[in-house]
Amino acid sequence: MAILSIQSHVAYGYVGNRSAAFPLQRLGHEVWPVNTVQFSNHSGYGRWRGQIFEASHVAEVIAGIAERGAMAQCQAVLSGYMGDAATGEVILEAVAQARAANPRALYCCDPVIGDVGRGVFVRPGIPEFMRERAVPAADITTPNQFELEHLTGRTVRTLEDALEATAALRERGPKVVLVTSLQREGAPSGTVEMLAATEAGAWRVHTPLLPIQPPPNGAGDAVAALFLAHLLRGRSAGEALGETAASIFGILAATHAAGSRELQLIAAQDELVSPTQRFTVEQVA
């Protein structure tokens with residue numbers, strides 16, 4: 001299946017399309033990466049080189065793909081770090097083109113806004129665009145806990161809080177909400193959870209919280225890609241959650257063992273297709 005992935009690119013390391021495209025390909029999907037920025041490395045290092053592409057540049061690249069008659073083959077559009085709010089409209093136009101050519105095409109929006117401890121780290125206008133335009137247009141959205149709170153205006157401390165927040169987000173349009181990292185009251189000590197919520201129910205899974213310092217960037221980008229990949233292969237939200245949790249834990253474990261701050265996607269690539277450790281997925285609603 002073909003996926004149009006519109007997000008950032010770095011030459012060194014793994015975030016954005018560098019973190020998403022390879023897992024999608026390793027799971028058998030064709031990927032058309034369109035880059036919203038091109039940086040030397042991710043911004044977590046504090047210094048980087050490169051540039052944010054203008055919305056017109058992103059639109060030109062997508063137009064060229066459409067001119068090949070490829071949109072009818074597109075099964076999903078995946079968006080992540082935009083770089084500039086104007087690029088958001090280009091992404092939504094690409095979604096409209098994909099849906100016009102293939103009514104079954106899905107839009108998975110990873111609403112990159114910020115994170116716990118860092119706060120909002122995107123340009124002005126992007127958080128509002130995500131809340132008001134991108135998330136309502138999406139079939140699937142994959143916020144982290146900070147982004148879930150930001151998008152819904154709710155504080156998430158308990159599982160009940162998280163379920164209420166995901167329900168509020170689904171009321172705005174997405175059929176599926178995946179919370180990519182959840183730390184809440186009452187969770188097992190030393191763990192981090194993911195929560196997938198749909199109209200049919202909600203499921204959670206917890207994995208060990210590895211002591212990686214600083215935490216590697218790009219894990220959320222990989223999680224969004226993995227979850228979408230498994231949904232496209234016909235798995236339910238609960239099944240996709242389990243597969244995604246197992247794979248990302250394997251990648252993070254390899255990253256920790258290597259003492260690296262960059263995800264070990266290549267060295268541990270077998271974890272993407274055949275994870276060495278699996279975790280119990282519990283239905284909670």
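Close-up 1. Leu159 sits in helix α6, which spans residues 159-170. The model is predicted: local features need pLDDT of at least 70, side-chain atom pairs count only at pLDDT 80 or more, and totals for chains, interfaces and linings use all residues. Residues are numbered from 1 along each chain as its sequence is written, and side-chain values use heavy atoms, with hydrogens and water left out. Helices (H or I, at least four residues) and strands (E, at least two) are DSSP runs, numbered from the N terminus. Leu159 counts as buried because its relative accessibility is 12%; buried means under 20% relative accessible area, exposed over 50% and partly exposed in between (1.4 Å probe, protein chains only). Residues up to four places away in sequence aside, Leu159 touches Arg184, Leu195, Arg204 and Val284. Contact means heavy atoms within 4.5 Å. From Leu159 to Glu199 the separation is 40 residues in sequence and 17 Å in space, C-alpha to C-alpha.

**Close-up 2. The buried side of helix α4.** Helix α4 covers residues 126-137. Its buried residues are Ile126, Pro127, Phe129, Met130, Ala134 and Val135. They lie on the same side of α4 because they cover an arc of only 140° around the axis. The arc is that of the directions from the helix axis to the C-beta atoms.

**Close-up 3. Helix α2 against α3.** The axes of α2 (residues 55-67) and α3 come within 8 Å and cross at roughly 15°. Therefore α2 is roughly parallel to α3. Axes are lines fitted to C-alpha atoms, for helices over the stretch in contact, and angles run from 0 to 180 degrees between N-to-C directions. Angles under 35 degrees count as roughly parallel, over 145 as roughly antiparallel, 65 to 115 as roughly perpendicular and the rest as oblique. From α2 come Ala55, Val58, Ala59, Ile62 and Ala66; from α3 come Ala86, Thr87, Val90, Ala94 and Gln97.

**Close-up 4. Ile62 within α2.** Ile62 belongs to helix α2. Ile62 is buried, with a relative accessible area of 3%. Neighbours within four places in sequence aside, Ile62 contacts Ile6, Val34, Met71, Val90 and Ala94. Leu4 and Ile62 are 58 residues apart in sequence, yet 8.9 Å apart in space, C-alpha to C-alpha.

**Close-up 5. Helix α1 against α7.** Helix α1 (residues 17-26) and α7 pack at an angle of about 30°, their axes 8 Å apart. Therefore α1 is roughly parallel to α7. Ser19, Ala20, Pro23 and Leu24 of α1 meet Asp221, Ala222, Ala225, Leu226 and Ala229 of α7.

Close-up 6. Pro214 is in the loop between β11 (201-208) and α7 (219-232). The peptide bond from Gln213 to Pro214 is cis, with omega near -5°.

**Close-up 7. Ala105 in its loop.** Ala105 lies between α3 and β5, in the loop. Ala105 is buried, at 5% relative accessible area. Leaving aside neighbours within four places in sequence, Ala105 contacts Cys74, Gln75, Ala98, Arg99 and Asp139.
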